[in-house]
Amino acid sequence: YKDRILPALRSHPTIALTMDADAMFGNSPGIYSHPTSKGVNWEIPASVELLDFPWASDKQEDCGLRMQGNANRQPSRPKHNMRLIFRDRYGAGRLAFKLFEDADAEKFNNLILRGQNGDSWIHPNATQRLRATFLRDQWHRAARKDMGHETINQSHVHVYVNGLYWGFFHLFERAEAEMMAENHGGQPSDYDVVQDFNKTPGKIEVLDGTIDAWNAMFPLANEVAAGSKPWTDMRQLVDMENFVDYMVLNFFTGNYDWDKGNWRAGRLRGADSPGWWFFSWDSERTLWTLSKNSTGINFASRASSLHQILARDADYRLLFADRVHKLLHNDGTLSTVRASEIWNAMADEVRLPLVAESARWGDAHRASNPYTPDVDWAKESAWMTDIYFKERPAIMLDQFRTRNLYPTLEPPTF
């Protein structure tokens with residue numbers, strides 16, 4: 001594909017990172033040489049240049065740089081995620097730039113450059129590399145947006161490190177109060193944001209605000225399940241359509257690595273708050289197995305636990321069935337037609353730049369026969385639309401019926 005490499009490198013905007021080489025790759029601190037080390041002591045100064053964004057002029061800003069994620073930090077995965085942090089001690093303190101063409105946000109304090117790990121050619125497992133699409137996590141976020149819900153702004157960029165091409169990366173905001181205030185108004189202090197906390201299993205980490213409203217959901221849900229309160233009382237704490245659609249999406253995709261970890265939720269405080277919103281986060285281990293059944297998942301103090309409590313209430317089950325019908329029928333987001341359209345639009349976007357990704361990382365684990373978009377990627381992408389999205393909706397309806405979440409009798413059509 002030598003005739004496509006230069007167009008591939010110019011297919012998307014570029015982020016060029018510059019830093020002291022020893023600070024990045026040496027021994028002190030050498031954050032790329034010690035990718036599993038975390039915290040502010042493993043953050044180094046860097047410069048970021050934003051180039052070739054068609055809707056904005058080129059810009060340079062100073063920032064902090066550190067490694068990002070969990071499994072992706074392992075040395076067996078050579079293309080690590082990176083996080084850009086904008087602080088006063090480095091420069092302007094915030095990046096003032098229109099990063100995302102279709103979003104209002106133009107000010108950022110944390111950005112993530114995701115190398116794609118489990119859905120890429122750098123994963124240590126050969127079977128998983130053959131399934132690489134570079135799209136699974138992105139498709140989840142795009143599906144949430146197509147459903148009409150809050151999501152995390154995302155795009156793709158080419159990344160250079162000290163002038164060396166480092167690959168094709170997934171760029172998105174870090175879910176936190178400042179991100180929500182920038183996108184939805186108010187001040188960061190107006191928001192609560194929580195996430196999984198891997199260091200202490202079973203514990204919820206508060207990123208911003210308090211956990212009080214989160215903890216209040218579960219006693220109320222038990223009252224609903226007991227029949228002492230209607231499910232509609234949950235609306236004071238939870239955006240219920242957002243919540244149910246979030247559960248349906250993760251059940252539909254058979255998310256292998258979710259709810260015990262890999263989730264984020266946020267809410268605006270106050271009388272006019274729509275309640276907790278749930279964000280798709282790190283959803284790369286999905287859309288793999290047609291028969292996968294996640295509908296029984298139940299982790300304490302998580303969204304899955306809330307769902308299982310509420311599912312004891314007939315009126316909640318009716319709401320759930322209504323949302324399932326909306327999403328899986330009549331060209332809804334998870335219908336064969338619409339799910340495939342969303343996938344194909346994203347596949348068309350990444351097909352060319354994956355030529356550059358293949359040149360950079362395609363031979364990391366298969367030196368004599370590099371992974372390419374023409375062969376390995378094309379086969380898996382076609383399987384998604386030819387098999388998965390065609391057969392999965394009917395399988396999901398059967399799974400929901402087994403759990404009494406969808407009626408055996410189809411609703412009337414007019």
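Q: Buried means under 20% relative accessible area, exposed over 50%, and partly exposed in between (1.4 Å probe, protein chains only); what share of the 414 residues of the chain counts as buried?
A: By that cut-off, 55% of the 414 residues count as buried. The model is predicted, so local features need pLDDT of at least 70 and side-chain atom pairs count only at pLDDT 80 or more, while totals for chains, interfaces and linings use all residues. Residues are numbered from 1 along each chain as its sequence is written, and side-chain values use heavy atoms, with hydrogens and water left out.

Q: How many helices and strands does the chain have, and what makes a run of residues a helix or a strand?
A: Both are DSSP runs numbered from the N terminus: a helix is H or I over at least four residues, a strand is E over at least two. The chain comes to 12 helices and 13 strands.

Q: Why is the chain called as compact as a globular protein of its length?
A: The globule rule is 2.2 Å times the number of residues to the power 0.38, and the radius of gyration is taken over C-alpha atoms. For 414 residues the rule gives 22 Å and the chain has 22 Å, so the description holds. The C-alpha trace spans about 65 × 45 × 40 Å along its principal axes.

Q: What makes a set of residues a nonpolar core, and which residues have the most contacts inside the largest one?
A: A core is a set of buried Ala, Val, Leu, Ile, Met, Phe, Trp, Tyr and Cys residues joined through side-chain atoms within 4.5 Å. The largest has 75 residues, and Trp139, Trp214, Met234, Phe243 and Phe320 have the most contacts inside it. Helix 7 (residues 240-252) supplies the largest share of this core, nine residues. A second, separate core of 35 residues includes Ala23, Phe53, Cys63 and Val159.

Q: Which residues does Phe243 touch, leaving out those up to four places away in sequence?
A: Contact means heavy atoms within 4.5 Å. On that basis Phe243 touches Val238, Phe278, Ala303, Leu306, His307, Leu310 and Tyr316.

Q: Which residues of helix 5 are buried, and which strands do they pack against?
A: In helix 5 (residues 177-184) the buried ones are Ala177, Glu178, Met179, Met180 and Ala181. They pack against strand 9 (164-173), strand 10 (191-196), strand 11 (204-208), strand 12 (264-268) and strand 13 (277-279). Just after this helix, Gly185 has a positive phi of about 95°.

Q: Why is Asp259 called buried, and why is Asp331 called exposed?
A: Asp259 has a relative accessible area of 0%, so Asp259 is buried. Asp331 has 52% relative accessibility, so Asp331 counts as exposed. Asp259 lies in the loop between helix 7 and strand 12 and has a positive phi of about 85° although it is not a glycine. Asp331 is found in the loop between helix 9 (314-328) and helix 10 (336-350), with a positive phi near 60°.

Q: What makes Pro75 an exposed residue, and where is Pro75 placed?
A: The relative accessible area of Pro75 is 61%, so the residue is exposed. Pro75 is in the loop between strand 3 (59-68) and strand 4 (81-85).

Q: Which kind of peptide bond joins Ser28 to Pro29, cis or trans?
A: The bond has omega near -5° and is cis. Pro29 is in the loop between helix 2 (21-25) and strand 2 (44-51).
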